[in-house]
Amino acid sequence: MSEKYAIGVDFGTLSARALVVRASDGAELGEAVFEYTHSVMERELPCGIKLCHNSALQDPADYLEALGKVIPEAMKTAGVDKEDICGIGVDFTNCTLIPVYSDGTPLCFDEKYREEPHAYAKLWKHHAALDEAEELTRIAAERGEDFLSRYGGRISCEWVFPKVWEILKRAPEVYRDTDRFVEAGDWVTWMLTGKEVHAPSYAGYKALWSADEGYPDTEFFASLDERMRDIVGTKISKDILLDNVKAGVIGERGAWLTSLCEGTPVAVAMPDGHSPLPAMNITEAGELAIILGTSAPHIVHSERAVSVPGVCGYAKYGALPGVYTYEAGQACLGDGYDRFVRNFVPESYSEQARAEGINIHKFLREKAKKLRPGESGLICLDWFNGNRSVLVDDRLTGMILGLSLSTRPEEIYRALIEASAFGSRMIIENFEEHGVPIKSVCVAGGIARKDEMMMQIYADVMGREIKVAGSTQAAALGSAIYAAVAGGAYDSVVKASEKMSKPVHKVYYPNEDNRIVYEGLFEEYKRLHDYFGRGGNDVMRRMADMRR
């Protein structure tokens, strides 16, 4: 019997990556990456139409273009024939929401709507629906809606219904003409299979759905706007696929897009924060996965359902059938480091980095790792894209305390990393305080493999062992594992994970001297966190409103 292979495609914020792996052992044989042609549209559409503050849009045409480039290239690199592909799986940033017609065509593909911002995909970090999220939360609380407790008491502007409500208010004709609002991950599987299928993970974390209760009732949506009364079952599908990893098979269009054989099994799409779990062999309760990328999802399985303030929710089918999986996270990680480097590092540093033949991030890390904890006198709140967990407040902004005339770029760079570690510790302590124990921490993502200083800081700040996942492409590998199950190579994700995962590359242990210093710094961080985030001083919110 010939060897079979699986493909995972990871759709990130800025690019898509395909990974071809051997189904028998998960060996990574070929990969390819494609940077989206239109990237993230934050200020204007390609036609020049200006966007409102806090916009983050994308053109779904980029996702189709990516499929046509990365899959054939990765297969060519791997030396694998399309006849030997047993399945394909995709993961996608969520919530990335696309308004489409009944056949799946995005409204922004229609010439009528090419110049209408609300017809485009609203990326996960589109934060222009702040007012809608806060109003939705207020109404849900007043009505005593049970679903609110599943989401830590607050609904984020990153999620489905605030974005849909924003469209209804600001572009009612787009709302009227939209047949379906669909998550981008589900949309990609629709394009591949020709069949509309909706994953429980997307619906559970970002669309107020649960396996036990379904969606909120019609009266809740009518309380938002009478025009939304019957949104579930019409513009939002109520058909969620349960207990089945397989979404369908490659159809005629999917074969044309990818060069794969018609009939190739396609796995249900996964959020890009959840797909790495099987690649890390995280299948038991209490094992926390932190996925370091543009943002930083924090995902953990639990044996029971409890309400945890400030999380993005829990879903019974979030990553594994029948298991409760909790999601929390930080809305800004790699994005924050990248923006700092692009906008605030002097050209002299860039010149030195080029002279040494290294990129600017590595150059800054080399300088920053020579600093002792606390040496710079800086402490940071890294809320440059709001705070996702545990405050769930997108009006919060970043802050660096302790700047002086002698502050150097590498000191700020290290303070940003320390802030990420402090934020992660806040999330962990919040989980444990509310009945979700954390037994171990495993970190995945390219940053985790590249930045040893950062991983050591995480271990020192948390006072815990930090394991780094074995695969540099954990999200794509996880999607390939789901693909192998969809293709029949395994009868469960757990069994596939045992054979195909790459769990540990390296373990970092706390340095006791550093840990003691960071204990003191963490206490200062918590004081600032609560002062600016829990009502001690609402200056960040007032300034954010002024900017808007």
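How many cavities of 30 Å³ or more does the structure hold?

Analyst: The structure is a predicted model, in which local features need pLDDT of at least 70 and side-chain atom pairs count only at pLDDT 80 or more, while totals for chains, interfaces and linings use all residues. Residues are numbered from 1 along each chain as its sequence is written, and side-chain values use heavy atoms, with hydrogens and water left out.

There are five cavities of 30 Å³ or more in the structure. On a 1 Å grid over the protein atoms alone, a cavity is a set of points where a 1.4 Å probe fits but cannot get out; a pocket is an open set with protein on both sides within 12 Å along at least five of seven lines, and lining residues have an atom within 4 Å of a point. Points are joined across faces, edges and corners, and a volume is the space filled by probe spheres set on them.

The largest cavity has a volume of about 170 Å³. Its lining has 16 residues, with P200, N244, V245, Y317 and P321 nearest the centre. By class, 12 are nonpolar, three polar and one charged (Ala, Val, Leu, Ile, Met, Phe, Trp, Tyr, Cys and Pro count as nonpolar, Asp, Glu, Lys and Arg as charged, and the others, Gly among them, as polar).

The second largest cavity, at about 130 Å³, is lined by 15 residues, and F181, E183, H198, A207 and Y215 lie nearest its centre. Strand β8 (180–183) gives the most to this lining, with three residues, and α7 (200–206) also supplies at least two. Helices (H or I, at least four residues) and strands (E, at least two) are DSSP runs, numbered from the N terminus. The lining of the second largest cavity divides into 11 nonpolar, two polar and two charged residues.

Next come the pockets. The largest pocket holds about 1400 Å³ of space. It is lined by 50 residues, of which L14, L292, G293, T294 and I447 are nearest the centre. Elements that each supply at least two lining residues include α11 (334–344), α13 (360–368) and α14, and α11 gives the most, with five. The classes here are 17 nonpolar, 18 polar and 15 charged.

The second largest pocket has about 1100 Å³ of space and 35 lining residues, with H53, R339, F384, N385 and R547 nearest its centre. Two or more residues come from each of α11, α14 and α20 (539–547). The largest share, seven residues, is from α11. This lining has 15 nonpolar, 10 polar and 10 charged residues.

Helix α14 spans residues 409–433 and contains E410. E410 is buried, with a relative accessible area of 4% (buried means under 20%, exposed over 50%, partly exposed in between, with a 1.4 Å probe and protein chains only). Apart from neighbours within four places in sequence, E410 contacts Y349, L364, K367, A368 and L371, where contact means heavy atoms within 4.5 Å. In helix α13 lies H361, and beyond its neighbours within four places in sequence, H361 is in contact with Y337, D338, V341 and Y413.

Helix α14 also packs against α19 (residues 512–533) at about 75°, with axes 10 Å apart; axes are lines fitted to C-alpha atoms, for helices over the stretch in contact, and angles run from 0 to 180 degrees between N-to-C directions. The two helices are therefore roughly perpendicular (65 to 115 degrees; under 35 is roughly parallel, over 145 roughly antiparallel, the rest oblique). The residues of this contact are seven nonpolar, two polar and six charged.
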